[in-house]
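Work through the exercises below with the sequence and the model side by side, trying each task before reading its solution.

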Amino acid sequence: MATSRVHDNYSADEINALRGIFALYDPEKTGSISAAELESLLEKIGYTGDSKVDILDAAQGMESVSFDDFLDLLEKGQPSQPGEAP
């Protein structure tokens with residue numbers, strides 16, 4: 001299954017790795033995970049502290065998180081890099 005959105009911040013290999021980890025939290029293969037599963041997944045891939053809080057805040061109100069949503073949320077949790085547009 002290909003992502004429908006462009007995620008330029010990630011290589012194809014990174015997207016494939018993240019998709020594999022996402023699938024572990026979506027055993028029913030519904031294509032989405034719950035907020036509780038999102039928090040566990042973030043911890044599994046090493047997001048802690050402010051980055052994790054920023055992502056969970058951005059996900060607030062979402063009933064479920066698709067893989068594309070997950071990649072979007074990860075991008076929101078990335079610190080701004082010098083020279084990049086906000």
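This is a predicted model: local features need pLDDT of at least 70, side-chain atom pairs count only at pLDDT 80 or more; totals for chains, interfaces and linings use all residues.

Residues are numbered from 1 along each chain as its sequence is written, and side-chain values use heavy atoms, with hydrogens and water left out.

**Exercise 1.** Describe how helix α3 packs against helix α4.

Solution. Helices here are DSSP runs of H or I with at least four residues, numbered from the N terminus. The axes, lines fitted to C-alpha atoms over the stretch in contact, have angles that run from 0 to 180 degrees between N-to-C directions. For α3 (residues 49-59) and α4 (residues 67-76), the axes come within 8 Å and cross at roughly 135°. That angle makes α3 oblique to α4, since angles under 35 degrees count as roughly parallel, over 145 as roughly antiparallel, 65 to 115 as roughly perpendicular and the rest as oblique.

Next, find the residues in contact (heavy atoms within 4.5 Å): Ile-55, Ala-58 and Ala-59 of α3 meet Leu-73, Leu-74 and Lys-76 of α4.

**Exercise 2.** Is Lys-52 buried or exposed, and which residues does Lys-52 touch?

Solution. Lys-52 lies in helix α3. With a relative accessible area of 15%, Lys-52 is buried, a term for values under 20%, whereas exposed means over 50% and partly exposed lies in between (1.4 Å probe, protein chains only). Leaving aside residues up to four places away in sequence, Lys-52 touches Glu-39, Leu-42, Glu-43 and Tyr-47.

Terms used. Helices (H or I, at least four residues) and strands (E, at least two) are DSSP runs, numbered from the N terminus.
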